[in-house]
Amino acid sequence: MKDTLIEELRAAYDAQLRGVTPPGGSARIEKDGPLTRVIGWHRGFVTGPRDLGVYGDELDTLIARQRDFYAARGEAVEWKTRAHDLPADIEDRLTAAGFVPEDSETVLIGRCADLAADPVLPDGVTLRRVTAGSDFQRIAAMEGAVWGEDWSWLADDLAARVEDAPENTIVLVAEAHAEVVCAAWLVFKDGVDFAGLWGGSTLKQWRGRGIYRAMVAHRARLAAARDVPYVYVDASADSAPILTRLGLHAVTTTTPYVWSP
């Protein structure tokens with residue numbers, strides 16, 4: 001029964017979630033054969049259907065064309081792969097073309113009806129929706145502190161997404177003493193049975209207090225209110241066990257292959 005459910009969820013994922021949400025701002029989307037690529041984000045992005053339908057030398061040419069396209073722009077590019085993609089040797093061919101794998105994540109899907117609940121937060125922590133650029137900058141600073149990297153690009157990225165699709169992009173912060181301790185966003189796509197759970201990073205000293213769980217419950221409730229039946233997420237190794245305990249189902253893994261000039 002569970003295997004059948006996972007197969008059904010994976011098939012729906014492949015049918016509905018292989019494209020790219022219009023990124024807003026100056027970014028744009030192009031097609032190249034079976035691929036969809038984004039130009040004008042903080043780095044390039046490439047994705048495609050489960051089966052690209054090209055093999056061998058033809059696949060190598062397609063990969064090289066993406067690499068060379070972004071090389072001419074002086075930009076890095078992420079090629080998003082999934083574990084059940086075809087051709088099965090695509091990751092080997094990406095590696096041969098100079099792409100380097102980053103950390104894999106687990107794709108999980110859950111029913112909003114099972115996950116939706118009033119958020120339960122620790123004393124002194126509040127949850128609110130934000131739309132101001134200053135709040136996006138605070139989120140970017142928090143993410144940078146969590147990951148130990150420069151996430152300043154995120155402020156502009158969130159601002160562009162909200163400006164482009166204000167009803168379909170809901171950005172949330174959890175705050176304590178005026179400090180952002182966790183941030184997450186919910187992204188809808190018109191005509192799709194899924195809403196995306198993104199972000200969800202929490203400052204180290206605030207982990208283990210149920211804030212992440214509250215963010216999931218609240219976003220599932222918002223999705224359910226719009227009659228969207230499912231939420232999905234690409235979860236890190238830290239988040240995947242929590243989400244599985246909450247009732248989401250692992251359907252595949254995803255690995256970004258990145259080429260940098």
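What volume does the largest cavity have? Hold that thought for a moment.

Okay, ground rules. This is a predicted model, where local features need pLDDT of at least 70, side-chain atom pairs count only at pLDDT 80 or more, and totals for chains, interfaces and linings use all residues. Residues are numbered from 1 along each chain as its sequence is written, and side-chain values use heavy atoms, with hydrogens and water left out.

Back to the cavity. The largest cavity comes out at about 40 Å³, and the structure holds 1 cavity of 30 Å³ or more. By cavity I mean a set of points, on a 1 Å grid over the protein atoms alone, where a 1.4 Å probe fits but cannot get out; lining residues have an atom within 4 Å of a point. Points are joined across faces, edges and corners, and the volume is the space filled by probe spheres set on them. Who lines the largest cavity? R18, T47, G48, P49, L52, W79, K80, R82, D85 and I90. Strand β4, residues 77–82, gives the most to that lining, with 3 residues. Strands here are DSSP runs of E, at least two residues, and helices are runs of H or I, at least four, numbered from the N terminus. The protein has 8 helices and 12 strands.

Next, the inside. In soluble globular proteins, nonpolar side chains tend to be buried together. Here 50% of the 261 residues count as buried, meaning under 20% relative accessible area, with exposed over 50% and partly exposed in between, using a 1.4 Å probe and protein chains only. A nonpolar core is a set of buried Ala, Val, Leu, Ile, Met, Phe, Trp, Tyr and Cys residues joined through side-chain atoms within 4.5 Å. The largest one has 48 residues, and F136, I139, V171, V181, W185 and L243 touch the most other members. Strand β9, residues 179–188, gives the most to this core, with 9 residues. Apart from it lies another core, of 17 residues, with I39, W79, I90 and A97 among them.

Now zoom in on W185. Leaving out residues up to four places away in sequence, W185 touches several residues, including I139, L154, W198 and R219; touching, or contact, means heavy atoms within 4.5 Å.

Last stop: A250, in strand β12, residues 249–259. Is A250 buried or partly exposed? Partly exposed, with a relative accessible area of 40%. Beyond four places away in sequence, A250 touches I6, T106, V107 and L108. That's my tour!

Conventions
1 Å grid on protein atoms, 1.4 Å probe; cavity = no way out; pocket = protein on both sides within 12 Å on 5 of 7 lines; lining within 4 Å.
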